Amino acid sequence: SDWLYDRSTQISTIVNVFKKAIGSDGATEILLISGYSGTGKSSLVQKVRKPLIASGGTFLSGKFNQTGQGVKPFHAIITAFDEYCKVIVETQSEESLDQLRTALRDYMGPHSSNELTHIIPNLSKIVGVKASSSLKLGDKQALHRFHYCFRMFIRSISSPTHPIILFLDDLHWADTASLDLIQTLVSDVENKSLFFIGCYRDNEVNHDHPLSSMICKNEKTTVTI
C-alpha cells in the first residue's frame with residue numbers, strides 16, 4: 001500500500017539522517033517529525049528505534065505534558081536521562097560502571113556530576129553519592145553552569161560508536177526552559193554523538209511559539225506526516 005511505502009521511505013530517511021549526523025564535521029542536524037494529532041508520529045519513531053539501536057545508538061525517550069498541570073521544568077528530559085541511568089545501574093557490570101564513573105569525572109570534574117543528581121536521582125547510584133538536595137537556577141550564572149554540566153554529562157556517556165539518541169515527544173507542550181536546554185545540547189559543536197528527534201503538532205505551533213525559534217536556529221530534516 002502507499003501508506004506502507006511512505007512509511008518505509010520515512011524510516012529510511014531517518015536512518016540515513018542519523019548515519020550522516022553522527023560524527024559529521026558540520027553543524028549538528030536534528031530530526032523533527034510534525035503532523036496533526038493521531039497521524040502516527042510517535043509510532044514512526046518506535047518503528048525506527050530498532051535500526052537506530054542496531055547502528056550502535058542508545059535510545060532515550062521522554063514526553064512533554066500539557067502545561068499548567070503542575071509539570072516541572074525539564075520534565076521530559078529528566079525522565080529520559082533518569083530512566084537511562086536506572087537501566088545502566090541495573091544492567092551493567094561493576095567494571096562498566098567504573099569506566100562510566102571515570103568518564104564522568106574526566107569530562108565533568110570531581111563534583112559537577114553531583115550537581116545533576118538532584119534532577120536525575122538515578123545518576124547518584126552511578127556516581128556513588130547521595131542525591132543533592134537542591135538545584136538553584138535563579139540567576140543567569142547558575143543556569144549557565146547547569147547547561148554546561150548537562151553538556152558535559154552527555155559528552156561523557158556518548159561516543160561516535162555509541163551515540164545517544166534523544167527522542168522527545170509533544171514538543172509543542174515543552175516549557176521554555178526545556179527548549180533552551182535542548183538548544184544548548186544540540187548546538188554543542190564538540191559533541192557529534194548526540195542525535196535529537198522531536199515530534200510536535202505543527203497546527204499548534206505558530207510563529208510566536210517558543211518552539212518556532214528553536215526550529216529556526218538549527219540544521220534540520222523535517223518529516224511531515
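Among contacts in the chain between residues at least 6 apart in sequence, what percentage join residues at least 24 apart? The figure is 79%, where contact means heavy atoms within 4.5 Å. Keep in mind that this is a predicted model, with pLDDT of at least 70 needed for local features and 80 or more for side-chain atom pairs, while totals for chains, interfaces and linings use all residues. Residues are numbered from 1 along each chain as its sequence is written, and side-chain values use heavy atoms, leaving out hydrogens and water.

**Overall layout**

- You get eight helices and five strands in this chain, taken as DSSP runs numbered from the N terminus (helices are H or I with at least four residues, strands are E with at least two).
- Reading along the sequence, the pattern goes α-β-α-β-α-α-α-α-β-α-β-α-β.

**Burial and surface**

- The chain has 225 residues, and 48% of them count as buried; that label means under 20% relative accessible area, with exposed over 50% and partly exposed in between (1.4 Å probe, protein chains only).

**Helix 6 against helix 7**

- The axes of helix 6 (residues 140-157) and helix 7 (residues 176-186) come within 10 Å and cross at roughly 50°. Those axes are lines fitted to C-alpha atoms over the stretch in contact, with angles running from 0 to 180 degrees between N-to-C directions.
- The two helices are therefore oblique to each other (under 35 degrees is roughly parallel, over 145 roughly antiparallel, 65 to 115 roughly perpendicular, and the rest oblique).
- On the helix 6 side, the contact uses Phe146, His147, Phe150, Arg151 and Ile154, and helix 7 brings Asp180, Leu181, Thr184 and Leu185.

- Arg155 sits in helix 6 and counts as buried, because its relative accessibility is 18%.
- Setting aside neighbours within four places in sequence, Arg155 is in contact with Tyr107, Asp188, Glu190 and Asn191.
- Tyr36 lies in the loop between strand 1 (29-34) and helix 2 (41-54), and Tyr36 is exposed, with a relative accessible area of 54%.
- Tyr36 and Asp202 are 166 residues apart in sequence, yet their C-alpha atoms are 6.6 Å apart in space.
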